[in-house]
Structures are given as C-alpha cells and as structure tokens.
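Me: I would like to learn how to read a protein model one feature at a time. Could we go through one together, with the general idea before each case?

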Amino acid sequence: MDWGMQNRLNRIIKPADGRTVMLAVDHGYFLGPTRKLEDPGATIRPLLSQADALMLTRGVLRTSVDPAADTPIVLRVSGGTSVVGPTLADECLTVSFEDAIRLNVAAVALSIFVGTEYEQQTLRRLTELVDEGETYGIPVLAVTAVGKELEKRDARYLSLCCRIAAELGAHFVKTYYCDDFEKVTAGCPVPVVIAGGPKLETEMDALQLAHDAIAQGAAGVDMGRNIWQSDYPVPMIRAVREVVHNNALPAEAHELFLELKTAVDNGKDI
Ligand code: R5P
C-alpha cells in the first residue's frame with residue numbers, strides 16, 4: 001500500500017492495536033435534525049477528543065467543526081435521498097473528489113445498497129471512488145446500507161455485502177453487527193467496523209454489542225446514536241473506548257461509565 005494511503009488508514013485504525021472508535025454524526029444527510037444531533041456542533045464538541053475519527057458530511061464539517069481539530073475526518077460522499085422519499089437506496093455521489101482533498105480528509109465513505117434495484121449504480125460508484133482514492137492515496141470506506149429494511153441484517157446478507165465491497169477495492173467496510181458475525185469478518189479481507197444502529201435500551205446493551213463485534217473480528221466501531229443519544233455521551237464514548245482499545249468486558253466498561261456519570265452529576269471535569 002502506498003505511504004499516503006497507509007498513513008491515512010493508520011490515523012483512523014490505530015496501528016498499536018489495529019482498532020478504532022469512530023464517531024458517526026452523518027445522520028442528518030437523510031434523517032434531518034435527528035434527536036440530540038439538532039445542533040451538530042454542540043453534539044460533536046465534547047466528544048471530539050475521544051474519537052479516533054469523525055464521520056460526517058462536508059456541510060456539518062464546514063459549519064460545525066473547528067478546523068484546528070486534528071481528529072481524522074471520514075467524509076461521507078454519498079447521499080441525495082431522504083427518509084421521506086420513495087427509497088433510501090437511490091444514492092448518488094454528493095461531493096467531488098477535489099473537495100474531499102481540499103477538506104484534508106483521512107478517508108471518504110459511501111453507502112452501497114446490495115440486492116436493491118440500485119445495486120449496480122452504488123457498486124459502480126464505489127469502484128469509481130476507489131480509482132480516485134488510489135490516485136490520491138485516500139482510503140474508501142464502503143457502508144453496507146440497508147435503508148429502512150433493518151431486518152436484512154443477517155450474516156448471510158452482510159457477509160455478501162462486505163465481501164463484494166472488499167473485492168471492488170474498498171479499503172475498509174462498515175456494516176452491522178448480527179448473529180454469527182464471525183462469518184462476516186472471516187469472509188472480508190479488509191478491516192470491518194460496525195455501526196451501532198438505532199439507540200438500544202441501555203448503555204450496557206451497546207457496550208455488549210461493541211464487545212461482541214470486537215470478539216468476533218471487528219476492527220472497531222463507527223457508532224453514533226448509542227453514544228450521543230445517551231444522556232451521558234462523554235462517559236459512554238469513554239466506556240466504548242475501554243471495550244475497543246483495552247479489551248474491557250462489558251461489565252467493566254459499564255463500571256467506568258457509571259463512575260464517569262457520577263462525576264458528571266457532581267459537576268466534575270472528566
Ligand atoms: C450509516 O451509514 C449512517 O450514516 C450512520 O453513520 C451509521 O448508521 C452509524 O451510526 P449509528 O451508530 O447511529 O447507527
């Protein structure tokens with residue numbers, strides 16, 4: 001792998017342990033002002049120093065993130081559909097590669113919609129993006145999107161999507177956790193990170209999800225709602241980091257979460 005490509009990937013997936021805690025705040029590109037992401041700058045600011053990378057759109061990057069920040073940026077470059085439209089799958093590219101370079105991104109991300117009528121269109125865009133990424137040394141993250149069809153999230157489907165993304169040249173892949181997740185990671189020759197999905201009932205549930213994904217071969221998480229929709233987002237991302245980078249068991253990480261939550265309640269800096 002070329003030096004620039006490897007360097008950018010190493011900024012996201014830490015070479016010390018091959019793991020990453022990415023913070024996803026790109027939801028507004030199809031969901032609008034999602035709960036607790038209404039003011040993206042306010043959501044991002046306290047979490048930024050705890051994230052190994054930030055996944056977002058160029059609009060939120062330019063309006064809501066201090067350019068002095070040194071957190072690597074994974075820029076979403078696909079979109080063009082909305083939750084009230086006929087389908088989420090009919091995405092196009094929404095950013096030129098030149099603008100991604102101008103924004104000094106560490107990687108670009110696009111969604112693929114395998115098995116939909118837009119399969120070929122989104123996969124072709126992936127290959128075009130990989131060609132540009134190889135030219136400029138910028139890694140491509142393929143997101144195996146399911147749109148509104150959350151029930152699609154099983155090992156057979158997700159391992160198909162992840163493998164296709166890797167075969168077409170994606171440098172890392174984002175998918176969902178599922179039963180038999182080790183089949184998904186075993187069949188994918190590039191690093192796999194997981195989305196958190198909709199907010200789970202408790203913080204412990206989300207820590208268990210992160211733990212199980214790591215134990216079955218994930219390189220980390222690209223988590224959004226289960227962090228910033230928590231009433232205690234900074235304690236939550238710190239607890240997720242314990243699982244991902246320090247191999248903490250869910251109960252150990254939850255203990256840390258509770259300690260930090262108490263500190264926050266008592267007005268202490270954490
Ligand atoms: C997926 O492509 C979305 O854009 C989000 O980035 C993703 O779902 C991760 O966020 P969450 O953990 O909230 O599912």
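**Reading strands, a loop, a helix and a ligand shell**

Reply: Let us begin with strand 3 (residues 73-76), where Ile73 and Leu75 point one way while Val74 and Arg76 point the other way, and where all of these residues are buried. Please keep in mind throughout that this is a predicted model.

Me: What is the general idea behind side chains that point in two directions?

Reply: In a regular strand the side chains alternate between the two faces of the sheet. Strand 3 gives a case of this, with Ile73 and Leu75 on one side and Val74 and Arg76 on the other.

Me: How many bridges join strand 2 to strand 3, and do the two run parallel or antiparallel?

Reply: Strand 2 (residues 53-56) is joined to strand 3 by 3 bridges, and the two strands run parallel. As one example of the pairing, Leu56 has Leu75 of strand 3 as its bridge partner.

Me: Where is Pro72 placed, and which residues is it in contact with beyond its neighbours in sequence?

Reply: Pro72 sits in the loop between helix 4 (58-64) and strand 3. It counts as buried because 22 other C-beta atoms lie within 10 Å, where 20 or more are needed. Once neighbours within four places in sequence are left aside, the contacts of Pro72 are Arg11, Ile12, Ala53 and Ala106.

Me: How should I read a helix, taking helix 7 as the case?

Reply: An α-helix has 3.6 residues a turn, so residues three or four places apart point the same way. In helix 7 (residues 155-167), the buried residues are Tyr157, Leu158, Ser159, Cys161, Cys162 and Ala165. These buried residues pack against several elements, among them strand 6 (107-112), helix 6 (119-136) and strand 7 (140-144). The 13 residues of helix 7 reach 18 Å from the first C-alpha to the last, close to the 18 Å expected at 1.5 Å a residue. After helix 7 comes Gly169, which has a positive phi, near 110 degrees.

Me: Which residues come nearest to the ligand?

Reply: Of the 15 residues around the ligand, the nearest are Ala24, Ala195, Gly196, Gly224 and Arg225. Strand 10 (220-223) and helix 10 (225-228) each supply at least two residues of this shell, and the shell divides into 6 nonpolar, 6 polar and 3 charged residues.

Me: What does the secondary structure of the whole protein chain come to?

Reply: The protein chain has 12 helices and 10 strands. Its radius of gyration is 17 Å, close to the 18 Å that the globule rule gives for 270 residues, so the chain is as compact as a globular protein of that length.

Terms used: Residues numbered from 1 in each chain as written. Predicted model: local features only at pLDDT ≥ 70, side-chain atom pairs only at ≥ 80, totals over all residues. Near = placed C-beta within 6 Å. Helix = DSSP H or I, 4+ residues; strand = E, 2+ residues; numbered from the N terminus. Nonpolar A, V, L, I, M, F, W, Y, C, P; charged D, E, K, R; others polar. Expected span 1.5 Å × (residues − 1). Buried ≥ 20, exposed ≤ 12 C-beta atoms within 10 Å, placed from the backbone. Contact = placed C-beta atoms within 7 Å. Rg over C-alpha atoms; globule rule 2.2 N^0.38 Å. Pairing = 2+ DSSP bridges.
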